[in-house]
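Let's take a walk through this fold. Have the viewer open and follow along.

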Amino acid sequence: MDLSLASLVGVALGIGLAAATGFRVFVPLLAAGIAAHFGLVPLSDGFQWLASTPALVALGTAAVVEVLAYYIPGVDHALDLIAGPATVVAGIVASAAVMTDLPPGILWPVAIIGGGGVAGLTKGSTALLRAKTGLMTGGLANPAVSTAETIGATGLSLFAIALPVLCLLLVVALLVWVTRKAGRILFGRRTAPVDPGRR
């Protein structure tokens, strides 16, 4: 089945928003809802509720609570554990909501595998980074990490809405970077053997 350019742009937008949920669960959904409310982004059938005023109020409240909670010591790590499954669900919803013109037989596999997978990978990598940073600094750097994650979620969401195709390329580069970073955190950095002849 041939896919239109609009469909491909919708897929790129969906993957970008899904990746952003790996930083903050509710910020990308709020951004997508606001954009749809003002006619900047079309929504798939069954997802018009995302642009409704009650949904925007609920998402806005949830986003503020989530952002602030990550600045509370101890709560941030607990949220990382709780937010894991929620992030995957949010990634699926965010991507499916904007992948317009796709038949259900294509939309849901792409949303579940692509959107959910990207969201989970991003979340897992940021959680590992937070854990390592917390151990190395005794938690002192966690507010900086939280701020960077919020900026990442907001910036990536806005970028996905404005330039979805370029955002998809950025997401691919981001995933390569976070995968390498996570690998170094889990397995340590290899050091080159020292040549005994060199001083």
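Start with a pair of helices: α1 (residues 5-21) and α4 (residues 75-98) have axes that come within 8 Å and cross at roughly 160 degrees. Angles over 145 degrees count as roughly antiparallel, so α1 runs roughly antiparallel to α4. As for handedness, the crossing of α1 and α4 is right-handed. If you wonder why both an angle and a distance get quoted, two packed helices are described by the angle between their axes and the distance between the axes.

Now zoom out, keeping in mind that this is a predicted model. Of the 199 residues in the protein, 43% are buried.

Next, follow the chain past the end of α4. In the loop between α4 and α5 (104-137) sits Asp101, and its backbone is worth a look: phi is near 65 degrees, a positive value in a residue other than glycine. Most residues other than glycine have a negative phi. Is Asp101 buried or exposed? With a relative accessible area of 57%, Asp101 is exposed, since the cut-off for that label is over 50%.

Another loop, the one between α2 (26-37) and α3 (53-69), holds Phe38. This residue has 61% relative accessibility, so Phe38 counts as exposed too.

Notes: Residues are numbered from 1 along each chain as its sequence is written. This is a predicted model: local features need pLDDT of at least 70, side-chain atom pairs count only at pLDDT 80 or more; totals for chains, interfaces and linings use all residues. Side-chain values use heavy atoms; hydrogens and water are left out. Helices (H or I, at least four residues) and strands (E, at least two) are DSSP runs, numbered from the N terminus. Buried means under 20% relative accessible area, exposed over 50%, partly exposed in between (1.4 Å probe, protein chains only). Axes are lines fitted to C-alpha atoms, for helices over the stretch in contact, and angles run from 0 to 180 degrees between N-to-C directions. Angles under 35 degrees count as roughly parallel, over 145 as roughly antiparallel, 65 to 115 as roughly perpendicular and the rest as oblique. A crossing is left-handed if the near helix is turned anticlockwise from the far one by less than a right angle, and right-handed if clockwise.
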